[in-house]
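Please keep the sequence and the structure in view while reading.

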Amino acid sequence: MNDLNVGAYLVKRALLTVVVVIGTITITFFLSHVVPSNPVILLAGQNPTPEQIARLTHEYGLDEPLYVQFLIYLRQVFSGNLGISFSFSLQPVLPLVLQTLPNSMTLGALATLLAIVVGIPLGVESARRTGRKFDSLMRIFSVSSVALPQFWLGLILQLIFAVYLGILPNASYGGSLLFFDMHPVKTVTGSYLIDSLLTGNFVTFVAIAKSMVLPVLTLALYPIGLMIKQTRSSVMAALSQDYIRTARAYGIKEREVNYRFALKNALPPIIVTAALTFAYSSTLGVIYVEEVFNLAPGLGFLLRSSTGTGISSTGISGALDYQLILGLAIVVGIFYAIANLVADALQIYFDRRIAR
Amino acid sequence: MSLLKVEQLKKHYIMKEGLFNRKKVEIRAVDGVSFEVREGTTYGIAGESGSGKSTLCMCVARLLEPTSGKLYFDGKEYTHAKGEELRRLRAEIQMVFQNPLSSLDPHMVVKDIVLEPVRAQGKNDDESVALDALEKVGLSRSVMKMYPHELSGGMAQRVAIARALTLRPRMLILDEPTSALDASMQAQVLNLFNELQREMKITYLLVSHDLSVIGHMCDSMAVMYAGRIVEMGSYDQLFYEPSHPYTLALLASARFLPEGVNGDKFALRGEMPSPRNPPVGCTLHPRCPFATDVCHVNYPDLEALGNGHFVACHNKKNVTEALEIARRI
């Protein structure tokens, strides 16, 4: 076991992350500018004159050639400034994104946890019973859970648990839009759920947790299906290995064969799936869920308003908020890159051979 | 006293195919096999790939459930042994598989691999147990911390053997133990098996397609074809007085016939029949140079020739005569 090698390997992967982020910026920048749109209309107020628009366009450098704008943006990013948001009254993009991230990450983390806790055992049991009834059932379940649209599932869950049964709140953190007016939560991490727990505000914590049950369920269904499928196929492959047969031959208990030997060797692709699930559920996955369950603030809301389809502070929508889009792309890109890095590190931890 | 007794063992698979799995095809991988292995000896099972010898091994080791028939170990039936009883039995019957590298868990170091069986059986897993076993197979302490991919094929097979020895089993099932090794390694590993048998009085059930391996190791043997034993007896009986066309063909193809005998005339035609659609009558008749009309209708019974030599062939007299004539020329 050579720690130097592990370190060098991880540093190499981390450097690759920088390349990935630059690639993300480049593609997102040019893609967003392909669409004819001028964000200054978000600032120009009601019925602006062409002169006003031209002046603002010039003021924000939006009349420069595209490659000049791109280079200016790159220079700005590498000095740690992600620019300002046109749709949120010229607020700086970075704090705007960082404020929303903790809540969305909490949703994503809970959904990933649920996917791991539920998906892996079901996948292993499914692999053990290949071709039997339970396996067929799991295959149907995993395919349909991947296929079900989240916005539909969210509505159905609201209908059942909030409207008909009335046991869980319908929408919003804490179950009401005015919840935080009555139960203020001191900001520590920025995540309502974690902050209410950290500040010992137990009643608030329970209310917030209850309001997050349906969103997490909605968010987790797709990862659960994915996890079942991935676990099933890699455990099946591991179970057909000779050393598994050998383990049976010397009298290892069946439970141990499945969970210790087969699962351990099937783990690498499962770890990658879990890491990507977390990255997806915390960023792109929350778009529909935050909308359906009205969980503001969140990354999903920001994404929507940046593309001119959501709410904005000026009440005017319909234009692309370039720097917010790019800022989100960078954050999402970094998020995915970190998730991959963590997956790599975990794989090394579970499989010492890679580091040799 | 026989340590292992196999009685009319059958393993049939049902394959479902066609639309909605409506068509069922029965595959008789092992179809009524009986033999006995005396304690402290080596019993060989020869046959080409697809003859059912590996399935037989897996059934004897209870890694597969036999369809019917009976298995006895040390006089006690264990055909349907379960739970604790089966686990205790597993300590007495160990297996060594064909491919040494893939039968070692790639995520464990040699020390843990070798100690895994004693841990599974809840016995003493002191480091000295591993050292002892490794020493027996001629490996040094230095391999203890290695991962399987750092071992050569021969070393890996020695590790697999060491692992099988830690529980001090009374019987080892060797399923093509040397066919993945090169020739010089083969000889070393086979000699190792012989030494271990002298030292620890282990009984071997050795399965191989390679007659030279069987010849090197076995006291008595059986030849399998299409899931059945076609001839069985002592090493001398099968190597010097083969009475089944298939045994003869195997010996001829491996150049084990007496000097000057031309083996070509005993060669088989064509391929092994598909197990999903075996020939009617004797399964060998489409390929057999001795086949007569009766072979197309009935499968021959295993008949005694005396001194524990059994053969299942309608034309066994023609076979021995033909060999006799070939010898005289």
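## Two helices in chain A

In this predicted model, helix H4 (residues 93-128) of chain A packs against helix H13 (residues 299-306) of chain A at an angle of about 135 degrees, and their axes are 8 Å apart. Here the axes are lines fitted to C-alpha atoms, for helices over the stretch in contact, and the angles run from 0 to 180 degrees between N-to-C directions. H4(A) is therefore oblique to H13(A), given that angles under 35 degrees count as roughly parallel, over 145 as roughly antiparallel, 65 to 115 as roughly perpendicular and the rest as oblique. Helices (H or I, at least four residues) and strands (E, at least two) are DSSP runs, numbered from the N terminus.

On the side of H4(A), the contact is made by Leu96(A), Val97(A), Thr100(A), Leu101(A) and Ser104(A), while H13(A) contributes Leu299(A), Gly300(A) and Leu302(A); two residues are in contact if their C-beta atoms, placed from the backbone, lie within 7 Å. These contact residues of H4(A) and H13(A) divide into 5 nonpolar, 3 polar and no charged, where Ala, Val, Leu, Ile, Met, Phe, Trp, Tyr, Cys and Pro count as nonpolar, Asp, Glu, Lys and Arg as charged, and the others, Gly among them, as polar.

## Chain A and its domains

Chain A has 14 helices and 0 strands, and the C-alpha trace of chain A spans about 85 × 55 × 40 Å along its principal axes.

Chain A is divided into domain 1 (3-91 + 316-336) and domain 2 (95-300), with bounds that come from an automatic or database domain assignment. The centres of domain 1 and domain 2 of chain A, taken over C-alpha atoms, are separated by 31 Å. Domain 1 of chain A brings 9 residues to the contact and domain 2 of chain A brings 5 residues; on the side of domain 1, these are 6 nonpolar, 3 polar and no charged residues.

## A covered strand in chain B

In chain B, strand S9 (residues 220-225) is mostly covered, as 6 of its 6 residues are buried. In a regular strand the side chains alternate between the two faces of the sheet. For S9(B), Ser220(B), Ala222(B) and Met224(B) are buried on one side, and Met221(B), Val223(B) and Tyr225(B) are buried on the other.

S9(B) runs parallel to strand S3 (residues 42-46) of chain B, to which it is joined by 4 bridges, and Tyr43(B) stands opposite Ser220(B); two strands pair if DSSP finds at least two bridges between them. With strand S10 (residues 228-234) of chain B, S9(B) pairs in the antiparallel sense over 6 bridges, and Ala222(B) has Met232(B) as its bridge partner. The hairpin of S9(B) and S10(B) has 2 residues between the strands, and Ala226(B) takes a positive phi near 50 degrees.

## A second hairpin in chain B

Strand S1 (residues 2-17) and strand S4 (residues 68-73) of chain B pair in the antiparallel sense over 5 bridges, with Leu4(B) and Phe73(B) as bridge partners. Phe73(B) also stands opposite Lys76(B) in S5(B). S4(B) and S5(B) form a hairpin with 2 residues between them, and Asp74(B) in the turn has a positive phi of about 55 degrees.

## Notes on the model

Residues are numbered from 1 along each chain as its sequence is written, and chains are lettered from A and ligands numbered from 1 in the order in which they are written. Since this is a predicted model, local features need pLDDT of at least 70 and side-chain atom pairs count only at pLDDT 80 or more, whereas totals for chains, interfaces and linings use all residues.

Notes. A residue is buried if 20 or more other C-beta atoms lie within 10 Å of its own, exposed if 12 or fewer, and partly exposed in between; C-beta atoms are placed from the backbone.
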